[in-house]
Amino acid sequence: MADPSTAAAEAPKAYGSAPGRWSSYVGEIFASRRPPLLGSVNPDNTEAAAREKLKDNPGSFNFIFGYAGSGETYRNNRDAFKRWQIVPRMLRDVTQRSIETELFGVTYPSPLIIAPIGVQGCMHPDGELATARAAGALGIPMILSGAASRSIEAVAKASGSGPRWFQLYWPASDEITLSLLSRAKNNGYSALVVTVDTTAIGWRPHDIDTAFLPFVHSVGIQIALSDPAFMKAQGLEPFSDDVIPEFPYDPLKFDKLYREGDEKVRQGMQLASAWGQQAVNGVFRTWEHLKFLRENWEGPLILKGIVSVQDAELAVASGVDGIVISNHGGRQVDGSISTLLALEYIMRSPKVKEAQASGKFTVLFDSGIRSGADMFRAIALGAQGVLLGRTYAYALAVAGQAGVDAHIKSILAEFELTLGLSGYRNVSEILGKADEVMVKVE
C-alpha cells in the first residue's frame, strides 16, 4: 500500500495545491465548488451553528460550552496561544510532509486525539457512536468518557478497528473499578486515562443557573448501567446496549414523569443516585492510590488534569506512562493557570524532559485547542499529542458523524499546511523546539 503522504505529493498539481494526506482536504472542498459540510471551517462559526441547532435545548449546548465561574480560565486557555507567534522559514524543501506520530509505541496518523467528552447523547441522537465511527474511520484515537451516554461495548463496536482509549472517573469500589478496566481491556481500549481533576464537579454557572445535570436522570451513566459489578450491587442485571437515552434530552419531561410516578424514570434516578456514591462524589484520591491501577492495568496509564510542575514530577516518580496537561477546558477552577503556560513550565523541568527523552514518559496537551496553528504551538512547546475537545462536539451537534469527520479533517489539514508553510516536514522537527520555531511576545 502506497504511503498516503507520498501518493498525495505525486498527485497532479493545481493552483493553490499543497500535497499531503490531510492538506488535500482543502483541494477537495475547492473542487466540489460547494461550501464545507459544516458551512464553515471556522470553529467559531461551528460553535454558533451548534448553538442554533440546539436552541430548543439550550441546557445541552451550555453543558458543553460552559465553564467554571466567570470563565477566566476558559479565556486564559485561548489567550495564552496569542503570546506565541510562529516564525516561518523559507526556501526549504518540505513538499513531502508527514504528521504521523508515535505515542506509547504505536504510530498514529497524526498527533490529534479526540478528548473525552461526556453525555454526547445530549448533542446528537447517535451520541458517542457517531464520534467513534468518524474517528475510527480516520485512525484517530478516541478517548471514551466515563460519563458517556453509550456503553463501553457499543462504542468499541462503532469504532471498528480504530484506536480507542478509556477515560476513568475512578469509582469508590475496587470491584466496580476492576469491572470497568476488564471491560475496557476486553473491548480493545489500549490506554487508560484517569481524570484526576474532577473528583467533584466545579462551580459551573451555566449548569447551576438552570439546574441542568443530566446524570440525575441517568443520562450519561450508561457505562455504569451496563456494568455487571455495579448493577449486581443494585440487585439488577446490566442494561443492554439497546437501552439508550432519549434525544433530545428534556429534563422537564423527566421531572414531570417522576412526579407522576413513572417507574422507569424513578428507577433510573435511583440508579443515578447509587452511581453518584461511586464516582465524582467528592472523595479525593492520593498518589498512593495509583498503585492499585498500575497493578491492574497492563497498558499505558495516563493522568489527565495535571497543571503544576510538582505534580508532573510526581507523575514521573509514580511510574505512570504519561500525563495530559489539562484544566478540564476551564470547567473546574476559575482563575486557574492556562494549560499552555502550564505546558511551558512543566517542560522546563529537567526530570520531565529526561523522562520524555528516554521514551518512558509521554506529555499530552488539552484545553484550548481550536486550530491547526494551536496544535503547532503546543507541540513546539513539548506536547507529543494534542487533545481536541469542545469543537468536535459542536460539529457532532451540527452534522453527526459526518460533522465530526469534516472537523477532524479540517483541523489536520490546517496543521499540515501550517507545518509546511512554516518550513517543516514532520512533527519531530518542531517537537519541543519552541525557541527555534516561535517567539514569545508579552
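This is a predicted model: local features need pLDDT of at least 70, side-chain atom pairs count only at pLDDT 80 or more; totals for chains, interfaces and linings use all residues.
By class, the lining of the largest pocket has 24 nonpolar, 14 polar and eight charged residues.

Now for the second largest pocket, with a volume of about 660 Å³. Of its 31 lining residues, Val-196, Asp-197, Thr-198, Thr-199 and Phe-284 are the closest to the centre. Strand 8 (301–306) gives the most to this lining, with three residues. The lining of the second largest pocket divides into 15 nonpolar, 13 polar and three charged residues.

Let's stay with Thr-199 for a moment. You'll find Thr-199 in the loop between strand 7 (189–195) and helix 9 (205–208). Is Thr-199 buried or exposed? Its relative accessibility is 14%, so Thr-199 counts as buried. Leaving aside neighbours within four places in sequence, Thr-199 is in contact with Val-280, Asn-281, Gly-282, Val-283, Phe-284 and Arg-285.

Last, the helix pair. The axes of helix 6 (residues 127–138) and helix 7 (residues 152–159) come within 7 Å and cross at roughly 35°, and the crossing is right-handed. On the helix 6 side, the contact includes Leu-129 and Ala-132, while helix 7 brings residues including Val-155 and Ala-158. By class, this contact has five nonpolar, two polar and two charged residues.

How values were computed. Residues are numbered from 1 along each chain as its sequence is written. Side-chain values use heavy atoms; hydrogens and water are left out. Axes are lines fitted to C-alpha atoms, for helices over the stretch in contact, and angles run from 0 to 180 degrees between N-to-C directions. Helices (H or I, at least four residues) and strands (E, at least two) are DSSP runs, numbered from the N terminus. A crossing is left-handed if the near helix is turned anticlockwise from the far one by less than a right angle, and right-handed if clockwise. Contact means heavy atoms within 4.5 Å. Ala, Val, Leu, Ile, Met, Phe, Trp, Tyr, Cys and Pro count as nonpolar, Asp, Glu, Lys and Arg as charged, and the others, Gly among them, as polar. Buried means under 20% relative accessible area, exposed over 50%, partly exposed in between (1.4 Å probe, protein chains only). On a 1 Å grid over the protein atoms alone, a cavity is a set of points where a 1.4 Å probe fits but cannot get out, and a pocket is an open set with protein on both sides within 12 Å along at least five of seven lines; lining residues have an atom within 4 Å of a point. Grid points are joined across faces, edges and corners, and a volume is the space filled by probe spheres set on the points.
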